[in-house]
Amino acid sequence: MASRSLGLHVARKQDAARSGAVERRNLLTVCRFSVKTLIDRSCLDTIDDSSPEFTNFVSILEQILSHRLKGQTTWFGYETHRSFWDYVKAACSKVSHNCIHSIESMENVRSSRAKGRAWIRLVLMEKRLSEYISSALRDFKTTRRWYEDGAIMLDEEAGLLADTLIGLNTIDFSFCLKGEGLNGSCPAVIDYTPYLKSIQRENSISSDEEELRTLGSSGSEKNTPEKMAASTAETILTEQSSWVCRCKRLEQKYRMALEQKCYLEEMVRLREAQLSQVIPQNKALQQRLTDTHLSHTLEKEQLEYIVLELQDQLKSFQSLEQLSQTSLEPSHTLNLDTIPASSHWHHHGKEDTPSLIGLCGSLQSVASNKSLASLKSSECLASPTTEMTSPDLTPS
């Protein structure tokens, strides 16, 4: 039972992967068809919101950008639906002169889906849709964070999508960003019937031509000369009409290729102008970087020299402190009575400060006062004894 359930699980995963691959391939194929029909339509009429080809293309592009887009997890653990506009804001913010801020500041467009549709129309009018998609695909980390595994934007064929959208740069679009096409409540529905009709038409034309050829070959033996002449005239006319149609198609393709060539040449010229502006800026930045590095090394050397000087001063202060401590010990104290009045206190390596000179003077005054007091006391003690012991040496 366990092996059977495991086999069913593996089979389901394979079916899901196969269905996802088919869905991706179908969307990309239909997108190429829609771009082709838009280009063909633009040769005859202007493209606006009323064109069914454009409506179908926008629906296909929305389906591609929303394919397996991750939802937003709320605080309660629920996953809410996200619009591709949130991904565009995050992935295309590095595009130079982007229109994201202008889309966000639009008053009549509030929902995320409506903002995404307004963005598609605006970049088509600016002829920069392929540039935005290519920039978003280059930011693989953001794309990986916003899409699940198996999404079209994570597939290798997404680069072909950007190349396919380059052909839209030859079309002059005209849209009103306040119309009903920006309604965010309307879902994006793809109409596959035009592409099926075109395929059936091509198949039917080829089958009819084969039938006519077989009928002509089978009935050629039974035809009379008149019938043969009529049939040859008809074949010549049909061939001429077919050749005219082919020439028109080739001319249309040539015009489209010429327009694309002119656009690519203009893009190359713009890129060369931008490159010529960026090169001196890059050189100036490199010069600034070298100057900054040089100043950094000089400041580092100065700081190292200052640190060494401070260490030397600290060592000298420590030696002075040790000398002062040894001079203040009891064994090295001086007797103030034995200090002569004319002696001076000297410090090794330093000049006498006013405070030190005042201290020496006070000590000298105290010593002199003590010596005078001792002399006076000795004189007082000596005077009575001399009077009492002195005999009368005169004869009687």
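**Figure 1. Order of the secondary-structure elements in the predicted model.** From the N terminus on, the elements of the protein run α-α-β-β-α-α-α-α-α-α-α-α-α. They amount to eleven helices and two strands; helices (H or I, at least four residues) and strands (E, at least two) are DSSP runs, numbered from the N terminus. This is a predicted model, in which local features need pLDDT of at least 70 and side-chain atom pairs count only at pLDDT 80 or more, whereas totals for chains, interfaces and linings use all residues. Residues are numbered from 1 along each chain as its sequence is written, and side-chain values use heavy atoms, with hydrogens and water left out.

Figure 2. Of the 396 residues, 23% count as buried; buried means under 20% relative accessible area, exposed over 50%, and partly exposed in between (1.4 Å probe, protein chains only). Among contacts (heavy atoms within 4.5 Å) between residues at least 6 apart in sequence, 72% join residues at least 24 apart. The accessible surface comes to about 29300 Å², of which 58% belongs to carbon and sulfur atoms. Accessible areas come from the Shrake-Rupley method with a 1.4 Å probe; for residues, only the protein chains shown count as cover.

Figure 3. The whole structure holds 13 salt bridges, each defined as a side-chain nitrogen of Lys or Arg within 4 Å of a carboxyl oxygen of Asp or Glu. Glu-53 and Arg-41 form one of them, at 3.6 Å from N to O. Arg-41 is partly exposed, at 30% relative accessibility. A network of salt bridges links Arg-41, Asp-45 and Glu-53. Arg-117 and Glu-62 also meet in a salt bridge (2.7 Å, N to O).

Figure 4. The side chains of Arg-255 and Glu-251 meet at 2.8 Å, N to O. Arg-255 counts as exposed, at 51% relative accessibility, while Glu-251 is partly exposed at 40%.

**Figure 5. A nonpolar surface patch****.** Leu-303, Tyr-305, Ile-306 and Leu-310 together have about 450 Å² of accessible area. Patches are made of residues with over 30% relative accessible area and no salt bridge; nonpolar side chains (Val, Leu, Ile, Met, Phe, Trp, Tyr) are joined within 5 Å, and like charges within 9 Å. Leu-310 lies in helix 10 (residues 225-327).
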